[in-house]
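Work through them with the model at hand.

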Amino acid sequence: MENCLFCRIVRREIPSRIVYEDDLVLGFYDIEPKAPVHILLIPKAHIASLNDLTQEHSDIMAHLTLVIPKAAEKMGIKDSGYRVVVNCGRDSGQAVAHLHYHILGGRAFGNDFG
Ligand code: AMP
Ligand code: ZN
């Protein structure tokens, strides 16, 4: 999508620190990390949010999910553990309207989901 921030990162129009890439998925460091490790994992295709998923996205979402532990392993947090967060819509605070998994690790999290 033309002016979507994360689509622009996929197209390399905006720089990012990429940690994982394949045909369908891009992983890169969050610019304002909330944990010692904080990366974002996105489908390269523009999907605005969880609310926009259709049956057609089944394969890509299955793949995106399977990449999570691979990316965690690459970041050295697979065994220590990590938190995966997806914001959706206004009340969640979703700021970028391109579906993304936050993968956070490198410290212990409480059960307060804020
Ligand atoms: P959300 O609130 O779930 O939409 O999360 C958006 C995330 O994108 C935030 O954690 C931001 O810090 C992050 N972010 C915004 N701009 C960039 C960027 N140019 N590169 C990497 N991460 C970004
Ligand atoms: Zn997009």
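Q: Does H98 count as buried, partly exposed or exposed?
A: This is a predicted model, and the value is computed from it. The relative accessibility of H98 is 0%. The cut-off for buried is under 20%. H98 therefore counts as buried.

Q: Which protein atoms are the donors of the zinc ion (ligand 2)?
A: Two cysteines and two histidines supply them. The distances to the zinc ion run from 2.0 to 2.3 Å. The donors are C4 (SG), C7 (SG), H46 (ND1) and H98 (ND1).

Q: What is the arrangement of the 4 donor atoms around the zinc ion (ligand 2)?
A: The ideal angle for four tetrahedral donors is 109.5 degrees. Around the zinc ion (ligand 2), the donor atoms subtend angles of 106 to 116 degrees. Four donors count as tetrahedral if all angles lie between 85 and 135 degrees. The arrangement is therefore tetrahedral.

Q: How are the donor residues of the zinc ion (ligand 2) spaced in sequence, and how far apart are the parts that H46 and H98 tie together?
A: The spacing of the donor residues is C-x2-C-x38-H-x51-H. H46 lies in the loop between β3 (37-43) and α2 (58-74). H98 lies in the loop between β4 (82-85) and β5 (101-105), so the pair ties together parts that are 52 residues apart in sequence.

Q: Does the zinc donor H46 count as buried, partly exposed or exposed?
A: Take the accessible area of the residue. H46 has a relative accessibility of 26%. Buried needs a value under 20%, and exposed one over 50%. H46 therefore counts as partly exposed.

Q: Which backbone oxygen does the side chain of H98 reach?
A: H98 sits in the loop between β4 and β5. Its side chain makes a contact at 2.8 Å.

Q: How many disulfides does the structure hold, and how far is the sulfur of C88 from the closest cysteine sulfur?
A: A disulfide is a covalent bond between the sulfur atoms of two cysteines. The structure holds 0 disulfides. For C88, the closest cysteine sulfur is in C4, too far for a bond, at 15 Å.

Q: Which residues come nearest to ligand 1?
A: There are 17 residues around ligand 1.

Q: How much of the exposed area of ligand 1 does the protein bury?
A: Start with the polar contacts. Oxygen atoms of ligand 1 lie 2.5 Å from a polar side-chain atom of D30, 2.9 Å from a polar backbone atom of V96 and 2.8 Å from an N or O atom in the side chain of H102. Taken alone, ligand 1 exposes 510 Å². Of that, the protein buries 85%.

Q: How far apart in space are N87 and H102, C-alpha to C-alpha?
A: N87 is in the loop between β4 and β5. With a relative accessible area of 22%, N87 is partly exposed. N87 and H102 are 15 residues apart in sequence. In space their C-alpha atoms are 8.7 Å apart.

Q: What is the phi of R12?
A: Most residues other than glycine have a negative phi. R12, in the loop between α1 (5-10) and β1 (18-21), has a positive value. R12 is partly exposed at 47% relative accessibility. Its phi is near 65 degrees.

Q: What separates the C-alpha atoms of M61 and R12?
A: M61 is in helix α2. M61 is buried, with a relative accessible area of 11%. Along the chain, M61 and R12 are 49 residues apart. Their C-alpha atoms are separated by 22 Å.

How values were computed:
Residues are numbered from 1 along each chain as its sequence is written. Chains are lettered from A and ligands numbered from 1 in the order in which they are written. This is a predicted model: local features need pLDDT of at least 70, side-chain atom pairs count only at pLDDT 80 or more; totals for chains, interfaces and linings use all residues. Side-chain values use heavy atoms; hydrogens and water are left out. Donors are N, O and S atoms within 2.8 Å of the metal (3.2 Å for Na, K and Ca); water is not among the atoms, so sites may look incomplete. Four donors count as tetrahedral if all angles lie between 85 and 135 degrees; four count as square planar and six as octahedral if opposite donors are over 155 degrees apart and all others between 65 and 115; anything else is irregular. Helices (H or I, at least four residues) and strands (E, at least two) are DSSP runs, numbered from the N terminus. Buried means under 20% relative accessible area, exposed over 50%, partly exposed in between (1.4 Å probe, protein chains only). A residue is near a molecule or strand if one of its heavy atoms lies within 4 Å of it. A polar contact is a pair of N or O atoms within 3.5 Å; within protein, one must be able to donate a hydrogen and the other to accept it, and residues adjacent in sequence count only if both atoms are side-chain atoms. Accessible areas come from the Shrake-Rupley method with a 1.4 Å probe; for residues, only the protein chains shown count as cover. A disulfide is a pair of cysteine sulfur atoms within 2.5 Å.
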